[in-house]
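Q: I have a structure open and would like to go through it with you. Could we start with the strands and move on from there?

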Amino acid sequence: MMTTFINPEMTLRPIDSSGADDDALLEMWNASADYDPLTPDLWQEFVYQDPDFAPQHTLVVFAGTQPIAFVMGVVRSSGIGYIKMMLVSKTYRRQKVGKMLLLRMETALSALGARTIRVGEAPPAYFIPGIDPRYTSAIAFFQKNGYEKFSEGYHMHCDLLAEDWKTDEAEALLEKQGLTTRRATSSDFEPVMAFLEQNFKPWQFEVAASFRKNPIAVHLGLRNGQLLGFAAYDGTHTGLPWFGPMGTDPTERKLGIGAVLLRRCLRDQKDHGHTFSVIPWVGPYTFYAQHASAEISRIFWRFQKTISLLS
Ligand SMILES: CC(C)(COP(=O)(O)OP(=O)(O)OC[C@H]1O[C@@H](n2cnc3c(N)ncnc32)[C@H](O)[C@@H]1OP(=O)(O)O)[C@@H](O)C(=O)NCCC(=O)NCCS
């Protein structure tokens, strides 16, 4: 494993993918990432289980043997590069450790062909949809380094204890229109993937993960066996009550399918013992406010930078 000497006190090397760095890294992460604490399961999911995980793009800075900074970058099939996770320990900030890591990562992602680099995000295996502006130092840091805010992302919070999430009456109304809803079975996997391929390709990864849950964490809306819509939950963000994604065929919207599928998923999550659900990275927040009394709970600023060929 290549170790680089940064200064007399600090070294940098790729993460040890045997897991030897993980406990100390997780401790560092949780001491300095105030709004995004991670469990060991979430760490595994976001780092090692990322489909594009590569140790050479997952770098750790050490002061002696103590990890003090971490960055993970990926380039997705879209060609967009992402600084998926980045953190400098609070006691080591404003010493240019962040700048050094960012430059290295930008150079590495550029070498993989990325011309646009975004912060956070990295769908489909995403951690957060951007920077929570409460990390004011991170907002200042990325702006200083040439990144511009281009959009926002929102998480919503749904109080599962607020109601029973029954759908009987709404399903009876759907049936009058020849529409049915039910939990997916394993034989629905291929048709659902084909439906997503046509209408919602970026969500195949998350929905496939929901199919691996027991019971399958996907509900479907159909007319005469033909798939019109889906809603899934708990596919990613291990251990957190994570709703979505969901989608209805663009030509079949406003019929009430989505609302029933949403409530079926929320009912499952409540039955599994959760008291709330996170509806992440929305999307149509008025829909979730209306049908699940959900409220915006987190705001993320999306930042990107266009880079020319770096070497
Ligand atoms: C963003 C972060 C990685 C920067 O690390 P760092 O090692 O402090 O970065 P550098 O020392 O290279 O650069 C810091 C620059 O950011 C800006 N900055 C940081 N904090 C600031 C503050 N409180 N006020 C104004 N500017 C600030 C300044 O431009 C500063 O440069 P300066 O010290 O010369 O004025 C670090 O703040 C961090 O870990 N934040 C929380 C994690 C996070 O939100 N990550 C992003 C999403 S994955």
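A: Strands β4 (residues 66-75) and β5 (residues 81-88) pair in the antiparallel sense over seven bridges. Strands here are DSSP runs of E of at least two residues, helices are runs of H or I of at least four, and both are numbered from the N terminus. Two strands count as paired if DSSP finds at least two bridges between them.

Q: Which residue in β5 is the bridge partner of Gly73?
A: The partner of Gly73 is Ile83.

Q: Which helix packs on the sheet there, touching β4 and β5?
A: Helix α1 (residues 22-32) does, and it also touches β3 (58-63). The direction of α1 makes about 90° with that of β4. A contact requires C-beta atoms, placed from the backbone, within 7 Å. Angles run from 0 to 180 degrees between N-to-C directions, with axes as lines fitted to C-alpha atoms, for helices over the stretch in contact.

Q: Before we go on, what kind of model is this, and how are residues numbered?
A: This is a predicted model, in which local features need pLDDT of at least 70, side-chain atom pairs count only at pLDDT 80 or more, and totals for chains, interfaces and linings use all residues. Residues are numbered from 1 along each chain as its sequence is written.

Q: What is the strand order in the nine-strand sheet?
A: The order is β1-β2-β3-β4-β5-β6-β13-β7-β12, in an open sheet with mixed pairing. The edge strands are β1 (4-5) and β12 (276-282), each of which pairs on one side only.

Q: How many bridges join β3 and β4?
A: Six bridges, in the antiparallel sense. Phe62 stands opposite Pro67 in β4. The hairpin of these strands has two residues between them, and Gly64 takes a positive phi near 65° there.

Q: And β2 with β3, how many bridges?
A: Strand β2 (residues 10-14) and β3 pair over five bridges, again antiparallel. Pro14 stands opposite Leu59 in β3.

Q: What is the order of the four-strand sheet?
A: That open sheet runs β8-β9-β10-β11, with antiparallel pairing. β8 (179-183) and β11 (243-248) have a single partner strand each, so one side of each is left without a neighbour in the sheet. Direction ignored, neighbouring strands of this sheet are turned by 20° against each other on average.

Q: Where does helix α6 pack?
A: Helix α6 (residues 189-199) packs on this sheet, touching β9 (218-223), β10 and β11, and its direction makes about 95° with that of β10. Helix α7 (residues 204-211) lies across β9, β10 and β11 at about 80° to β10.

Q: Changing topic: which residues come nearest to the ligand?
A: Arg93, Gly98, Lys99, Ser137 and Ala138 come nearest, of the 22 residues around the ligand. A residue is near if its C-beta atom, placed from the backbone, lies within 6 Å.

Q: Which element gives the most to that shell?
A: α4 does, with six residues. β5, α3 (97-111) and α4 (136-144) each supply at least two.

Q: Lastly, what does the secondary structure of the protein come to?
A: It comes to nine helices and 13 strands. The C-alpha trace spans about 75 × 40 × 35 Å along its principal axes.

Technical notes:
Contact = placed C-beta atoms within 7 Å.
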